[in-house]
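Please look through the sequence and the structure shown here before reading the report that follows.

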Amino acid sequence: MTVLQLGEAAKAAKSQIANADSRLKDIVLKTIAKLLVENTNAILAANKTDLANAADNGIGEVMSDRLRLTESRINNMANALIKMADLEDPVGIFEGGSTRPNGLKIMHKRVPIGVVALIYESRPNVTIDAACLCIKAGNAVLLRGGKEAIHSNIALVDTIKQGLRAHGLSEDIVGLVLDTTRESAKQLMELTGYVDLLIPRGNKSLIESTTLNAKVPVVETGAGNCHVYVDEFADIEMALSIADNAKTQRPSVCNSAETLLVHRSIADDFLPRIYERIGNIVEFRGDDDVRQILPGISEATEEDWYIEYNDYIYAVHIVDTLNEAIKHIEKYGTHNSDAIITENVVNADVFLSNVDSAAVYLNTSTRFTDGEEFGLSAEIGVSTSKIHARGPMGLKALTTTKTIVLGNGQIRE
């Protein structure tokens with residue numbers, strides 16, 4: 001099917017899922033979870049093809065890890081769907097409301113968005129997360145993954161469609177774009193009249209391209225040039241642990257820290273210790289002051305402060321004040337996730353109040369910006385926008401509101 005045909009099919013099917021009751025949607029999710037486990041061998045075989053193609057195309061190990069599926073990861077995906085099924089369905093919930101002096105009753109009801117489209121890259125788990133979140137929130141969804149994961153995505157979407165058919169729902173509720181050229185992405189961006197919301201999830205260039213060229217509504221997500229700032233009042237042992245975790249626990253994801261900011265007063269103590277701790281696996285790139293303390297490391301260029309590495313690389317910068325750290329984050333960051341390590345209450349409050357990011361952290365790792373960790377089950381992306389949704393986008397972010405007005409004959413004078 002062409003992109004237009006997928007859009008037409010999704011638009012025709014959206015009312016079916018929008019009107020499905022919570023019980024049916026939850027049963028579908030649990031069926032898909034069961035089918036994921038049953039189809040593990042077929043999914044892994046498809047993923048093996050993608051991994052082989054990635055190796056042939058020179059994709060490195062860190063990025064291949066984003067692509068790789070294992071039996072354990074598939075089981076985790078299935079378990080996440082079971083948890084998702086147990087979450088409260090936001091559709092149909094009334095929020096607020098009032099009775100006007102003329103007797104009109106104004107009510108605000110949560111309803112599905114309609115057709116949600118997602119353009120994303122190499123992580124096949126996103127296929128399951130996005131499709132099933134949309135099903136639970138009553139939306140049809142169009143998925144356009146990257147070419148590096150196409151075989152995995154086909155196997156996963158086939159599993160989802162099995163779950164839909166098993167309960168009498170149209171398989172067109174979930175559509176997969178098989179054409180992975182730039183042209184198909186462009187067509188999806190321009191699918192007005194069919195796509196109600198487009199979510200790009202990937203690197204900075206993908207997100208910028210989408211926001212610049214889309215003719216349908218877009219929520220920006222994903223770009224993650226995240227920072228850890230080690231304040232002059234930091235607990236050094238805590239800072240070492242957090243700076244390590246934020247970079248090395250899984251460097252290929254958007255909430256991994258890319259830049260380490262260190263207050264000058266503790267740099268002579270902290271920097272040699274963090275380098276000794278992770279320097280064997282992490283490449284450090286530092287400014288002139290950092291390189292005086294850590295001779296032999298690479299010089300950080302202006303470009304390094306902007307880069308989302310998604311790799312075992314840390315850009316390191318010494319600052320003289322808290323305000324300098326905040327200004328650095330504002331200039332170079334992507335407003336995703338940023339952390340301060342400090343025991344000073346005033347400094348903590350200044351940082352948390354003035355760093356303009358979707359998630360700001362005190363004395364903990366940026367790696368927690370995640371739907372599962374925030375109690376949302378899976379997420380469809382981490383929004384860095386300020387309109388509609390911000391931070392990890394769970395079920396509620398995939399709904400909108402409809403105003404319902406009840407009267408008994410009132411007319412406007």
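Arginine 277 is partly exposed, with a relative accessible area of 40%, where buried means under 20% relative accessible area, exposed over 50% and partly exposed in between, for a 1.4 Å probe and protein chains only. This is a predicted model, in which local features need pLDDT of at least 70 and side-chain atom pairs count only at pLDDT 80 or more, while totals for chains, interfaces and linings use all residues. Residues are numbered from 1 along each chain as its sequence is written, and side-chain values use heavy atoms, with hydrogens and water left out.

Arginine 277 forms a salt bridge with aspartate 244, and the closest N and O atoms of the pair are 2.9 Å apart; a salt bridge is a side-chain nitrogen of Lys or Arg within 4 Å of a carboxyl oxygen of Asp or Glu. Because arginine 277 lies in helix α11 (residues 264-278) and aspartate 244 in helix α10 (residues 236-248), the pair ties together parts that are 33 residues apart in sequence. Helices (H or I, at least four residues) and strands (E, at least two) are DSSP runs, numbered from the N terminus. Aspartate 244 counts as buried, at 14% relative accessibility.

## Other salt bridges

The structure holds 25 salt bridges. One of them joins lysine 136 to aspartate 26, with the closest N and O atoms 2.7 Å apart. Lysine 136 lies in helix α6 (residues 125-136) and aspartate 26 in helix α2 (residues 22-38), so this pair ties together parts that are 110 residues apart in sequence. Lysine 136 is buried, with a relative accessible area of 1%, and aspartate 26 is buried as well, with a relative accessible area of 16%.

A salt bridge is also formed by arginine 390 and aspartate 356, whose closest N and O atoms are 3.0 Å apart. It links distant parts of the chain, 34 residues apart, with arginine 390 in the loop between β14 (382-383) and β15 (391-392) and aspartate 356 in the loop between α14 (345-354) and β13 (359-362).

## Nonpolar cores

The largest nonpolar core has 51 residues, and those with the most contacts inside it are Leu36, Ile135, Leu143, Val174 and Ile380; a nonpolar core is a set of buried Ala, Val, Leu, Ile, Met, Phe, Trp, Tyr and Cys residues joined through side-chain atoms within 4.5 Å. Helix α6 gives the most to this core, with 8 residues. Apart from this core lies another, of 27 residues, among them Val228, Ala239, Ile242 and Ala243.

Leaving aside residues up to four places away in sequence, isoleucine 135 touches Ile17, Lys25, Val28, Leu29, Ile32, Ile160, Leu164, Ile173 and Val174, where contact means heavy atoms within 4.5 Å.

## Helix packing

Helix α5 (residues 71-86) and α6 pack at an angle of about 15°, with their axes 11 Å apart, which makes α5 roughly parallel to α6. The residues that make this contact are Met77, Leu81, Met84 and Ala85 of α5 and Asn125, Ile128, Asp129, Cys132, Leu133 and Lys136 of α6. Axes are lines fitted to C-alpha atoms, for helices over the stretch in contact, and angles run from 0 to 180 degrees between N-to-C directions. Angles under 35 degrees count as roughly parallel, over 145 as roughly antiparallel, 65 to 115 as roughly perpendicular and the rest as oblique.

The axes of α2 and helix α7 (residues 150-166) come within 9 Å and cross at roughly 135°, which makes α2 oblique to α7.
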